[in-house]
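Dear colleague,

I am handing over the structure we spoke about, and below it you will find what came out of the analysis. Please read the notes with the model open beside them.

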Amino acid sequence: MSLDLSTPPERPGTWEAPDEHWPLLTEATADLDPPLAVLDLDALTHNAHDLRRRAASTPIRVASKSLRSRAVLDAVLALDGYAGVLAYALPEALWLAAGDGLYPPVGDVVVAYPSVDRAAIARLARSPELAARVTLMVDSVEQLDFMDRVVPARSREALRVCLDLDASWRLPGLGHLGVRRSPVHSSRQAKTLATAVATRQGFTLVGVMSYEAQIAGVGDAIPGHRLRSELIRWIQQRSKGELLERRANAVAAVRQIADLEFVNGGGTGSIEFTVSDPSVTEVAAGSGLFGSHLFDSYRAFSPAPAAAFALPVVRKASSQIATLLGGGWIASGPPGNDRVPLPVWPHGLRLLPTEMAGEVQTPVAGAAAEALHVGDRVWFRHSKAGELSEHVDEFTVIHRGQVMDEVPTYRGEGKAFL
């Protein structure tokens with residue numbers, strides 16, 4: 001189906017009244033058997049327009065790992081203000097860029113991580129159409145060497161590449177703050193690598209990317225952790241100042257070597273800061289579209305819970321414990337309570353510390369568990385947006401309490417890229 005996200009909801013969404021929202025989802029999907037996942041169309045539309053508002057006039061490149069549904073990707077890309085995809089694997093990028101009978105080709109796909117998939121590199125290198133639409137990520141000469149071994153420069157299309165600039169903050173005493181991505185940290189290192197790319201046959205340097213994970217990916221208002229939240233805000237504020245200067249210098253140095261088409265930065269959690277950087281020409285975002293619960297701890301924005309999933313009650317371990325089928329849909333990243341699914345309806349349910357969300361069963365306790373019976377369902381929100389799509393074949397699309405249709409996930413289309 002084709003999703004239409006063009007018109008923002010006219011009235012406040014039902015998600016603002018949980019006592020209305022979750023029973024509506026239960027009623028709308030009453031004829032469907034859980035486990036199941038839903039997309040609330042009004043909430044998704046609200047989030048898409050709110051991300052555009054936050055980005056102002058800066059284009060948003062959609063992070064596909066946060067959606068993993070081709071139908072949703074296409075619907076978002078149809079909106080003004082969104083341009084291109086930030087993919088997470090080269091085979092995925094080729095699938096998006098090639099199109100098929102159901103989906104049109106995506107004309108601008110940047111692969112966010114380096115690839116050593118030889119078959120995918122060979123396919124890209126021998127297709128003029130794909131080579132014009134897909135950009136590879138590099139942060140070392142070794143990666144260029146690898147691609148040259150797969151397909152020598154003299155026998156392939158020129159490969160578009162983007163330089164990955166490390167956006168972490170290195171503070172004496174605290175060490176490395178951010179994710180371990182590129183070894184290219186300084187403007188000197190960026191210029192050296194840019195020169196190596198520009199002077200090498202078979203490559204065209206078209207972009208720079210730098211993801212400030214310590215700003216975009218860390219909530220600054222963690223419930224029940226005031227001191228930790230204050231420390232995070234202190235770190236983020238100082239990291240912003242350091243990155244503004246260093247990224248500007250690095251981009252200026254690379255522009256001396258190559259005529260860049262784009263400079264990408266940020267993520268859902270840092271849009272306002274990232275678009276304030278004059279050196280950035282586009283911002284990446286994706287998680288804010290689904291509004292997973294990991295983003296409940298940010299002060300600057302509050303996405304609607306557009307994606308959710310339901311598990312069925314299959315037994316009562318005791319009068320105050322209901323056991324659900326499945327549920328071990330744990331998000332990636334540092335193990336912790338913020339990575340497990342969050343039970344949101346009925347109110348008052350909690351996971352058991354000794355079992356949490358299990359591979360084949362998840363017990364929930366609390367006052368509401370006593371009223372649950374075999375065959376009832378419990379609604380959850382996932383922690384990291386796109387990983388929900390790896391557990392279901394499709395999303396049931398709900399609009400104002402009614403089932404509209406179903407849209408497949410990557411998994412539902414037989415795709416498992418990572």
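Where is the place of H382 in the chain? H382 sits in the loop between strand 17 (377-381) and strand 18 (394-399), where strands are DSSP runs of E of at least two residues and helices are runs of H or I of at least four, both numbered from the N terminus.

This is a predicted model, in which local features need pLDDT of at least 70 and side-chain atom pairs count only at pLDDT 80 or more, whereas totals for chains, interfaces and linings use all residues. Residues are numbered from 1 along each chain as its sequence is written, and side-chain values use heavy atoms, with hydrogens and water left out.

To stay with H382, its relative accessibility is 3%, so this residue counts as buried (under 20% relative accessible area, with a 1.4 Å probe and protein chains only). A polar atom of the H382 side chain lies 2.8 Å from the backbone oxygen of K384. Leaving aside residues up to four places away in sequence, H382 touches S292, H293, F309, W329, I330, A331, E387 and L388, a contact being heavy atoms within 4.5 Å.

As for the chain as a whole, it has 12 helices and 19 strands. Buried residues make up 55% of its 418 residues, and the C-alpha trace spans about 70 × 55 × 40 Å along its principal axes. Of the contacts between residues at least 6 apart in sequence, 71% join residues at least 24 apart.

Technical notes. Buried means under 20% relative accessible area, exposed over 50%, partly exposed in between (1.4 Å probe, protein chains only). A polar contact is a pair of N or O atoms within 3.5 Å; within protein, one must be able to donate a hydrogen and the other to accept it, and residues adjacent in sequence count only if both atoms are side-chain atoms.
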